[in-house]
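Dear colleague,

My notes on its sheets and helices follow it.

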Amino acid sequence: MADVQPPQLSDNAVYLSRSERAKAGKRPSRSSALGVVAESRFPGAKSRSEMVQGILAQDRDLVAGNFGTVYYKPVTVCGVDLKLEPLQPSIGTVVHGIDLATDLNDPEMVTFLRELWLERRVIMFRNQAHVSREQMVEFAQHFGEVGSRYGEREHVPNSPHDLSHQIDVPGIPDMLVLTSDEAVPAAASNWHSDASWQMRPPMASVLMCREAPPVGGDTCFCDCYSMWEGLSLETKERVEHLSAVHMGAVIHQMDGKTPVATHPVARTHPETGRTALYVQQGFVRSFAQTHNIPKDEEKTLLLEMKLQEGRPEYTCRFRWEEGSVALWDNRAVLHSASGDFWPHRRIMERLTILDHDVSRRTPF
Ligand SMILES: [Fe+2]
(Lines give C-alpha, C1' and ligand atoms only; values in the text may rest on other atoms or scores of the structure.)
Protein backbone atom coordinates (compact mmCIF):
# COMPACT_ATOMS: atom_id res chain seq x y z
CA MET A 1 0.00 0.00 0.00
CA ALA A 2 0.98 3.66 -0.23
CA ASP A 3 3.15 5.14 2.48
CA VAL A 4 0.31 6.38 4.63
CA GLN A 5 0.98 6.48 8.33
CA PRO A 6 -1.80 6.67 10.88
CA PRO A 7 -1.96 10.11 12.51
CA GLN A 8 0.35 10.50 15.47
CA LEU A 9 -1.95 10.93 18.43
CA SER A 10 0.43 10.35 21.35
CA ASP A 11 1.20 14.05 21.84
CA ASN A 12 -2.12 15.42 20.65
CA ALA A 13 -3.67 17.52 23.44
CA VAL A 14 -7.32 16.88 22.47
CA TYR A 15 -6.69 13.15 22.14
CA LEU A 16 -4.92 13.02 25.51
CA SER A 17 -7.70 14.91 27.25
CA ARG A 18 -10.40 12.72 25.66
CA SER A 19 -8.54 9.57 26.63
CA GLU A 20 -8.73 10.52 30.33
CA ARG A 21 -12.11 8.80 30.41
CA ALA A 22 -10.52 5.56 29.22
CA LYS A 23 -7.63 5.90 31.66
CA ALA A 24 -10.11 6.33 34.48
CA GLY A 25 -11.71 3.04 33.42
CA LYS A 26 -15.03 4.65 32.46
CA ARG A 27 -16.95 2.98 29.65
CA PRO A 28 -17.79 4.84 26.43
CA SER A 29 -20.69 7.21 26.99
CA ARG A 30 -24.12 5.84 26.17
CA SER A 31 -25.02 9.24 24.74
CA SER A 32 -23.25 7.92 21.64
CA ALA A 33 -24.25 4.85 19.63
CA LEU A 34 -20.75 3.46 20.15
CA GLY A 35 -21.40 3.21 23.88
CA VAL A 36 -24.92 1.85 23.46
CA VAL A 37 -23.85 -0.92 21.08
CA ALA A 38 -20.89 -1.84 23.30
CA GLU A 39 -23.26 -2.26 26.26
CA SER A 40 -25.59 -4.29 24.08
CA ARG A 41 -22.78 -6.56 22.84
CA PHE A 42 -21.33 -7.22 26.30
CA PRO A 43 -23.89 -6.44 28.98
CA GLY A 44 -23.01 -6.59 32.63
CA ALA A 45 -19.25 -6.05 32.22
CA LYS A 46 -17.61 -5.22 35.54
CA SER A 47 -15.07 -2.86 34.01
CA ARG A 48 -14.11 -1.10 30.78
CA SER A 49 -11.29 -3.55 30.16
CA GLU A 50 -13.61 -6.52 30.68
CA MET A 51 -15.98 -4.97 28.14
CA VAL A 52 -13.14 -4.44 25.64
CA GLN A 53 -11.83 -7.97 26.04
CA GLY A 54 -15.33 -9.44 25.85
CA ILE A 55 -16.13 -7.66 22.58
CA LEU A 56 -12.73 -8.36 21.02
CA ALA A 57 -13.20 -12.05 21.87
CA GLN A 58 -16.48 -12.05 19.92
CA ASP A 59 -14.68 -10.69 16.83
CA ARG A 60 -11.39 -12.56 17.23
CA ASP A 61 -11.97 -15.45 14.84
CA LEU A 62 -13.25 -13.45 11.87
CA VAL A 63 -11.46 -14.14 8.60
CA ALA A 64 -11.75 -12.36 5.26
CA GLY A 65 -13.48 -14.31 2.51
CA ASN A 66 -16.18 -14.38 -0.12
CA PHE A 67 -19.18 -16.58 -0.68
CA GLY A 68 -22.52 -16.30 -2.36
CA THR A 69 -23.45 -14.70 -5.65
CA VAL A 70 -23.00 -11.03 -6.42
CA TYR A 71 -24.98 -9.54 -9.28
CA TYR A 72 -23.19 -6.95 -11.34
CA LYS A 73 -23.31 -5.29 -14.70
CA PRO A 74 -20.19 -5.79 -16.85
CA VAL A 75 -19.16 -2.79 -18.91
CA THR A 76 -15.98 -1.77 -20.72
CA VAL A 77 -14.93 1.88 -20.53
CA CYS A 78 -11.75 3.16 -22.17
CA GLY A 79 -10.54 -0.42 -22.51
CA VAL A 80 -11.02 -1.11 -18.78
CA ASP A 81 -13.37 -3.95 -17.85
CA LEU A 82 -15.58 -2.73 -15.00
CA LYS A 83 -18.13 -4.59 -12.91
CA LEU A 84 -20.92 -2.41 -11.56
CA GLU A 85 -22.45 -3.87 -8.40
CA PRO A 86 -25.68 -2.20 -7.27
CA LEU A 87 -26.00 -2.03 -3.49
CA GLN A 88 -29.71 -1.19 -3.61
CA PRO A 89 -32.16 -0.84 -6.52
CA SER A 90 -32.12 2.96 -6.47
CA ILE A 91 -28.93 4.04 -4.74
CA GLY A 92 -25.26 3.10 -4.51
CA THR A 93 -23.02 1.24 -6.96
CA VAL A 94 -19.65 -0.33 -6.28
CA VAL A 95 -17.36 0.04 -9.29
CA HIS A 96 -15.03 -2.96 -9.39
CA GLY A 97 -12.00 -3.31 -11.65
CA ILE A 98 -10.76 0.28 -11.66
CA ASP A 99 -7.52 1.79 -10.38
CA LEU A 100 -8.17 5.30 -9.08
CA ALA A 101 -4.48 6.14 -9.36
CA THR A 102 -4.24 5.57 -13.10
CA ASP A 103 -7.55 4.93 -14.86
CA LEU A 104 -9.03 8.44 -14.72
CA ASN A 105 -6.48 10.02 -17.05
CA ASP A 106 -8.89 9.48 -19.94
CA PRO A 107 -11.67 12.12 -19.79
CA GLU A 108 -14.12 9.54 -21.12
CA MET A 109 -13.68 7.52 -17.92
CA VAL A 110 -14.32 10.62 -15.80
CA THR A 111 -17.47 11.37 -17.79
CA PHE A 112 -18.65 7.79 -17.34
CA LEU A 113 -18.08 7.90 -13.58
CA ARG A 114 -19.75 11.28 -13.21
CA GLU A 115 -22.87 10.12 -15.02
CA LEU A 116 -22.98 6.95 -12.93
CA TRP A 117 -22.49 9.04 -9.77
CA LEU A 118 -25.34 11.39 -10.67
CA GLU A 119 -27.62 8.45 -11.41
CA ARG A 120 -26.69 6.38 -8.34
CA ARG A 121 -26.02 9.27 -5.86
CA VAL A 122 -23.00 7.45 -4.38
CA ILE A 123 -20.35 5.28 -6.01
CA MET A 124 -17.79 3.17 -4.23
CA PHE A 125 -14.49 1.48 -5.01
CA ARG A 126 -12.49 -1.29 -3.35
CA ASN A 127 -8.83 -2.31 -3.27
CA GLN A 128 -7.42 1.23 -3.51
CA ALA A 129 -5.06 1.08 -0.53
CA HIS A 130 -2.14 1.80 -2.86
CA VAL A 131 -3.60 5.22 -3.73
CA SER A 132 -1.61 7.89 -1.90
CA ARG A 133 -3.14 10.96 -0.28
CA GLU A 134 -1.80 13.09 -3.12
CA GLN A 135 -3.47 10.77 -5.62
CA MET A 136 -6.72 11.06 -3.66
CA VAL A 137 -6.53 14.82 -4.22
CA GLU A 138 -5.97 14.23 -7.96
CA PHE A 139 -8.94 11.85 -8.03
CA ALA A 140 -11.17 14.45 -6.36
CA GLN A 141 -10.03 17.13 -8.78
CA HIS A 142 -11.50 15.17 -11.67
CA PHE A 143 -14.97 15.95 -10.28
CA GLY A 144 -14.59 19.55 -9.13
CA GLU A 145 -12.48 21.88 -7.04
CA VAL A 146 -11.12 20.46 -3.80
CA GLY A 147 -12.62 22.47 -0.95
CA SER A 148 -11.38 23.14 2.56
CA ARG A 149 -11.99 20.48 5.21
CA TYR A 150 -15.63 21.55 5.39
CA GLY A 151 -16.14 22.91 1.92
CA GLU A 152 -16.00 26.63 1.38
CA ARG A 153 -12.93 28.53 2.49
CA GLU A 154 -14.78 31.40 4.16
CA HIS A 155 -15.59 29.19 7.13
CA VAL A 156 -12.90 26.71 8.16
CA PRO A 157 -13.70 25.30 11.62
CA ASN A 158 -10.90 25.66 14.15
CA SER A 159 -12.64 24.66 17.37
CA PRO A 160 -10.03 23.51 19.90
CA HIS A 161 -12.49 20.84 21.05
CA ASP A 162 -12.42 18.79 17.86
CA LEU A 163 -9.75 16.14 17.48
CA SER A 164 -9.83 16.12 13.68
CA HIS A 165 -8.92 19.82 13.53
CA GLN A 166 -5.74 19.04 15.45
CA ILE A 167 -4.52 16.42 12.97
CA ASP A 168 -2.57 17.87 10.08
CA VAL A 169 -1.74 15.94 6.96
CA PRO A 170 1.62 17.20 5.70
CA GLY A 171 1.19 19.03 2.41
CA ILE A 172 -2.59 18.47 2.27
CA PRO A 173 -4.25 20.89 4.71
CA ASP A 174 -7.67 20.23 3.13
CA MET A 175 -7.70 16.58 4.18
CA LEU A 176 -9.77 15.74 7.26
CA VAL A 177 -8.60 12.70 9.22
CA LEU A 178 -11.32 10.93 11.18
CA THR A 179 -10.05 8.55 13.83
CA SER A 180 -11.61 6.30 16.40
CA ASP A 181 -9.93 3.84 18.73
CA GLU A 182 -10.37 2.13 22.08
CA ALA A 183 -9.33 5.18 24.09
CA VAL A 184 -11.15 7.87 22.10
CA PRO A 185 -14.20 6.52 20.27
CA ALA A 186 -15.94 8.70 17.68
CA ALA A 187 -18.37 8.29 14.79
CA ALA A 188 -20.66 10.71 12.94
CA SER A 189 -23.63 8.45 13.56
CA ASN A 190 -26.47 10.77 12.64
CA TRP A 191 -28.07 11.52 9.29
CA HIS A 192 -26.55 14.56 7.66
CA SER A 193 -25.34 16.14 4.46
CA ASP A 194 -21.78 17.36 4.96
CA ALA A 195 -21.45 20.93 6.19
CA SER A 196 -24.96 21.95 5.18
CA TRP A 197 -24.50 24.80 7.69
CA GLN A 198 -22.23 26.46 5.12
CA MET A 199 -23.77 29.01 2.76
CA ARG A 200 -22.23 27.01 -0.08
CA PRO A 201 -21.96 23.43 1.20
CA PRO A 202 -19.65 20.99 -0.58
CA MET A 203 -21.13 19.37 -3.68
CA ALA A 204 -19.47 16.06 -2.91
CA SER A 205 -17.36 14.27 -0.37
CA VAL A 206 -14.86 11.51 -0.92
CA LEU A 207 -13.87 9.19 1.89
CA MET A 208 -10.95 6.74 1.92
CA CYS A 209 -10.70 4.03 4.55
CA ARG A 210 -7.14 3.52 5.80
CA GLU A 211 -8.02 1.16 8.64
CA ALA A 212 -11.33 -0.65 9.06
CA PRO A 213 -12.82 -2.61 11.93
CA PRO A 214 -13.23 -6.34 11.16
CA VAL A 215 -16.97 -5.80 11.58
CA GLY A 216 -19.04 -2.62 11.96
CA GLY A 217 -18.43 1.03 11.17
CA ASP A 218 -20.30 0.87 7.87
CA THR A 219 -21.53 4.09 6.30
CA CYS A 220 -25.19 4.28 5.28
CA PHE A 221 -26.47 6.57 2.53
CA CYS A 222 -30.08 7.72 2.18
CA ASP A 223 -31.60 8.95 -1.08
CA CYS A 224 -32.99 12.50 -0.73
CA TYR A 225 -35.06 12.24 -3.95
CA SER A 226 -37.00 9.35 -2.41
CA MET A 227 -37.27 11.26 0.86
CA TRP A 228 -38.99 14.08 -1.02
CA GLU A 229 -41.24 11.68 -2.94
CA GLY A 230 -42.16 9.94 0.32
CA LEU A 231 -43.76 13.03 1.83
CA SER A 232 -47.53 13.36 1.65
CA LEU A 233 -48.85 15.60 -1.14
CA GLU A 234 -50.24 17.92 1.49
CA THR A 235 -46.84 18.30 3.15
CA LYS A 236 -45.06 18.78 -0.17
CA GLU A 237 -47.38 21.64 -1.04
CA ARG A 238 -46.97 23.19 2.39
CA VAL A 239 -43.15 23.10 2.44
CA GLU A 240 -42.03 23.36 -1.17
CA HIS A 241 -41.33 27.07 -0.90
CA LEU A 242 -40.03 27.07 2.66
CA SER A 243 -36.47 27.39 3.88
CA ALA A 244 -34.88 25.68 6.87
CA VAL A 245 -32.16 26.76 9.25
CA HIS A 246 -29.03 24.55 9.33
CA MET A 247 -26.83 25.01 12.37
CA GLY A 248 -23.38 23.55 12.93
CA ALA A 249 -22.22 22.01 16.22
CA VAL A 250 -19.59 23.36 18.61
CA ILE A 251 -16.90 21.44 16.74
CA HIS A 252 -17.81 23.39 13.59
CA GLN A 253 -17.16 26.77 15.18
CA MET A 254 -14.66 29.10 13.63
CA ASP A 255 -13.11 31.59 16.05
CA GLY A 256 -15.88 30.75 18.52
CA LYS A 257 -18.71 31.46 16.08
CA THR A 258 -21.26 28.74 15.31
CA PRO A 259 -22.04 28.58 11.59
CA VAL A 260 -25.66 28.93 10.49
CA ALA A 261 -27.16 28.89 6.99
CA THR A 262 -30.68 28.95 5.58
CA HIS A 263 -31.46 26.68 2.64
CA PRO A 264 -34.54 25.60 0.69
CA VAL A 265 -36.43 22.61 2.08
CA ALA A 266 -37.05 21.33 -1.45
CA ARG A 267 -33.71 21.56 -3.18
CA THR A 268 -33.38 21.43 -6.95
CA HIS A 269 -30.39 19.38 -8.00
CA PRO A 270 -28.42 21.64 -10.34
CA GLU A 271 -27.35 18.81 -12.65
CA THR A 272 -30.25 16.36 -12.69
CA GLY A 273 -33.01 18.94 -12.21
CA ARG A 274 -34.69 16.66 -9.67
CA THR A 275 -36.14 17.72 -6.33
CA ALA A 276 -34.47 16.48 -3.16
CA LEU A 277 -35.54 16.90 0.46
CA TYR A 278 -32.78 18.96 2.08
CA VAL A 279 -33.74 18.55 5.73
CA GLN A 280 -31.83 16.32 8.14
CA GLN A 281 -31.79 15.59 11.83
CA GLY A 282 -28.07 16.34 11.97
CA PHE A 283 -28.19 20.08 11.44
CA VAL A 284 -31.75 21.36 10.86
CA ARG A 285 -33.48 22.82 13.89
CA SER A 286 -36.32 24.94 12.47
CA PHE A 287 -37.81 26.62 9.44
CA ALA A 288 -36.76 30.17 8.66
CA GLN A 289 -38.34 32.54 11.19
CA THR A 290 -39.71 34.73 8.41
CA HIS A 291 -42.24 32.00 7.57
CA ASN A 292 -43.89 32.45 10.99
CA ILE A 293 -44.90 28.82 11.17
CA PRO A 294 -46.61 27.93 14.47
CA LYS A 295 -44.34 25.80 16.68
CA ASP A 296 -46.76 22.84 16.78
CA GLU A 297 -47.02 22.73 13.00
CA GLU A 298 -43.26 23.12 12.62
CA LYS A 299 -42.69 20.17 14.94
CA THR A 300 -45.14 17.98 13.03
CA LEU A 301 -43.66 18.87 9.63
CA LEU A 302 -40.05 18.34 10.74
CA LEU A 303 -41.01 15.03 12.30
CA GLU A 304 -42.62 13.82 9.06
CA MET A 305 -39.44 14.74 7.20
CA LYS A 306 -37.18 13.09 9.73
CA LEU A 307 -39.21 9.88 9.55
CA GLN A 308 -38.06 9.61 5.92
CA GLU A 309 -34.42 9.37 7.00
CA GLY A 310 -32.93 5.91 6.87
CA ARG A 311 -35.97 4.10 5.52
CA PRO A 312 -34.52 0.77 4.34
CA GLU A 313 -35.92 1.18 0.82
CA TYR A 314 -34.12 4.49 0.33
CA THR A 315 -30.88 3.44 1.97
CA CYS A 316 -27.76 1.51 1.06
CA ARG A 317 -25.03 0.40 3.39
CA PHE A 318 -21.34 0.21 2.56
CA ARG A 319 -18.95 -2.02 4.43
CA TRP A 320 -15.47 -0.57 4.63
CA GLU A 321 -12.20 -2.38 4.08
CA GLU A 322 -8.72 -0.91 4.02
CA GLY A 323 -8.54 0.88 0.65
CA SER A 324 -12.29 1.27 0.16
CA VAL A 325 -13.38 4.66 -1.21
CA ALA A 326 -16.83 6.27 -1.45
CA LEU A 327 -17.72 9.35 -3.49
CA TRP A 328 -21.13 10.79 -2.71
CA ASP A 329 -23.31 13.64 -3.85
CA ASN A 330 -24.21 15.82 -0.85
CA ARG A 331 -27.02 17.36 -2.91
CA ALA A 332 -28.77 14.00 -3.30
CA VAL A 333 -27.94 11.84 -0.28
CA LEU A 334 -27.67 11.98 3.47
CA HIS A 335 -25.18 9.72 5.19
CA SER A 336 -24.55 8.33 8.64
CA ALA A 337 -21.75 6.25 10.10
CA SER A 338 -22.81 3.16 11.99
CA GLY A 339 -21.52 3.73 15.51
CA ASP A 340 -21.23 0.07 16.43
CA PHE A 341 -17.53 -0.78 16.13
CA TRP A 342 -15.92 0.20 19.42
CA PRO A 343 -13.32 -0.80 20.64
CA HIS A 344 -11.89 -1.43 17.15
CA ARG A 345 -9.86 1.20 15.32
CA ARG A 346 -11.24 3.06 12.33
CA ILE A 347 -9.20 5.61 10.37
CA MET A 348 -10.72 7.53 7.48
CA GLU A 349 -9.55 10.41 5.29
CA ARG A 350 -12.01 12.84 3.75
CA LEU A 351 -11.87 15.51 1.08
CA THR A 352 -14.70 17.82 0.07
CA ILE A 353 -15.36 18.77 -3.55
CA LEU A 354 -16.91 22.04 -4.71
CA ASP A 355 -18.77 22.44 -7.98
CA HIS A 356 -16.57 23.87 -10.73
CA ASP A 357 -19.55 26.05 -11.64
CA VAL A 358 -19.61 28.65 -8.85
CA SER A 359 -23.20 29.67 -9.72
CA ARG A 360 -24.40 26.20 -8.69
CA ARG A 361 -22.75 26.11 -5.27
CA THR A 362 -25.53 27.85 -3.32
CA PRO A 363 -28.55 25.51 -2.87
CA PHE A 364 -31.71 26.64 -4.70
FE1 LIG B 1 -20.28 13.36 7.08
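Predicted model: local features only at pLDDT ≥ 70, side-chain atom pairs only at ≥ 80, totals over all residues.

Residue numbers start from 1 along each chain, as its sequence is written. Helices (H or I, at least four residues) and strands (E, at least two) are DSSP runs, numbered from the N terminus, and two strands count as paired if DSSP finds at least two bridges between them.

The sheet around β9

Strands β9 and β13 run antiparallel and are joined by three bridges. On the β10 side, β9 (residues 243-247) is held by five bridges, again in the antiparallel sense. Two of the contacts with β10 can be named: Met-247 is the bridge partner of Val-260, and Val-245 is the bridge partner of Thr-262. Together these strands make an open sheet of three, in the order β10-β9-β13, with antiparallel pairing. Because β10 (260-264) and β13 (284-287) each have a single partner strand, they stand at the edges, and one side of each is left without a neighbour in the sheet. The twist from one strand to the next averages 30°, with axes taken as lines fitted to C-alpha atoms and angles running from 0 to 180 degrees between N-to-C directions.

In a regular strand the side chains alternate between the two faces of the sheet.

Four bridges link β8 (residues 219-223) to β14 in the antiparallel sense, and Thr-219 has Phe-318 of β14 as its bridge partner.

Helix α4

Helix α4 (residues 48-59) has 12 residues and reaches 17 Å from its first C-alpha to its last, close to the 16 Å expected at 1.5 Å a residue; the expected span is 1.5 Å times one less than the number of residues. Its buried residues are Met-51, Val-52 and Ile-55. Seen down the axis of α4, these fall within an arc of 100°, so they line one face of the helix. The arc is that of the directions from the helix axis to the C-beta atoms. The buried residues of α4 pack against α3 (33-41), where contact means C-beta atoms, placed from the backbone, within 7 Å.

Helix α5

The end C-alpha atoms of α5 (residues 107-120) are 20 Å apart, which agrees with the 20 Å that its 14 residues should span at 1.5 Å a residue. Leu-113, Trp-117 and Arg-120 are the buried residues of α5. They cover an arc of only 80° around the axis, which puts them on the same side of α5. Their cover includes β3 (93-96), β4 (122-125) and β15 (325-329). The face of α5 turned away from this buried side carries the exposed residues Pro-107, Glu-108 and Glu-115. Just after α5, Arg-121 takes a positive phi of about 70°.

With kind regards

Note on methods:
Buried ≥ 20, exposed ≤ 12 C-beta atoms within 10 Å, placed from the backbone. Contact = placed C-beta atoms within 7 Å.
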